[in-house]
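I will write down each item as I go.

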Amino acid sequence: MQGKFISLEGGEGTGKTTQIELLSNKLKEIGINATTTREPGGTIEAEKIRNLLVQRDGGNWDPLSEALLLFAARREHLVKLIWPEMEKGNWVITDRFADSSRVFQGYGMDLGQEIINRLYRLIAEDFCPDLTIVLDIDAEIGLRRSNKHMQDSNDELENTEDRYELMGLEFHKKLRDGFLKIAELYPRRCIVINAEQSIEEIHAEIMAVVSKKFGLDEQELANG
Ligand SMILES: Nc1ncnc2c1ncn2[C@@H]1O[C@H](COP(=O)(O)OP(=O)(O)O)[C@@H](O)[C@H]1O
Ligand SMILES: [Mg+2]
């Protein structure tokens, strides 16, 4: 069987990383090999590009240049990790994917959707996530969570991964609207979840969506 591909999307501090870990652990408990990964990044080469984009001193990119860097990283991610894992029948769960480019560069930086879609077709043709979970929260609450998380981190690289956070509240409000628009544009694969709920409530909603979408055994999940 071909594996499944799930993306988690949403603003900073919505809980994507937290929820991916809970989801992959639950899937592993019922015998599904779930590989977790992230964008930008996921491979050695793509992680190098990540630092140019998320680090505080990463650079002041022209929006199209920025999109090209992201799509170069995404191509590496697809070819070297996502597709090979799926070929093996494993599930891949990614913290951000192409919808983040649609939203950050397409909407947030006003590059437009057409350019993003052209770049996407170039690297991935008609491949797309089987399911996209959009975590939605007030931009101010998300930024507060994200900044606190970075300050508390002991990881030196993570401490300064705030280039996007530093783009300000107005930009992040635009991103929130952008993610909601994307969910409306691609209703067959996208589901929006209110990320102001507790970690446990969000996890339960995600498990309900995943079970229904992929026909997992609810009983097995409850026991697992
Ligand atoms: N539902 C939640 N309620 C309150 N705090 C949360 C919730 N989900 C995550 N957090 C906290 O917010 C911070 C950011 O969460 P994280 O999962 O790293 O978000 P993201 O990956 O979307 O930026 C972390 O400190 C995390 O513990
Ligand atoms: Mg994260």
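I began with burial. Phe-104 is buried, and Phe-171 is buried too. I keep in mind that this is a predicted model.

Next I asked how the rings of Phe-104 and Phe-171 are arranged. Their centres are 6.3 Å apart and their planes stand at 75°. An angle over 60 degrees counts as edge-to-face, so this pair is edge-to-face.

Then I checked where the two residues lie. I found Phe-104 in helix α4 (residues 98-108) and Phe-171 in helix α8 (residues 169-185). The pair therefore ties together parts that are 67 residues apart in sequence.

How many aromatic pairs does the structure hold? I noted eight. One of them joins Phe-5 and Phe-127, and this pair is stacked. I wrote down 5.4 Å from centre to centre and 25° between the planes.

I looked up the places of these two as well. Phe-5 belongs to strand β1 (residues 5-10). Phe-127 is in the loop between α5 (113-124) and β4 (131-136). So the pair ties together parts that are 122 residues apart in sequence. Both Phe-5 and Phe-127 are buried.

Which residues form one aromatic cluster with Phe-5 and Phe-127? I listed Trp-83, Phe-97 and Tyr-120.

Tyr-120 sent me on to charges over rings. The charged end of Arg-102 sits over the ring of Tyr-120, at 5.4 Å from its centre. I found another case at Tyr-186: Arg-189 lies over its face, 4.6 Å from the ring centre.

Notes:
Residues numbered from 1 in each chain as written. Chains lettered and ligands numbered in written order. Predicted model: local features only at pLDDT ≥ 70, side-chain atom pairs only at ≥ 80, totals over all residues. Heavy atoms only, no water. Phe/Tyr/Trp six-rings, centres within 6.5 Å; stacked < 30°, edge-to-face > 60°. Helix = DSSP H or I, 4+ residues; strand = E, 2+ residues; numbered from the N terminus. Buried < 20%, exposed > 50% of the residue type's maximum accessible area, 1.4 Å probe, protein only. Lys NZ or Arg CZ within 6 Å of the ring centre and 35° of its normal.
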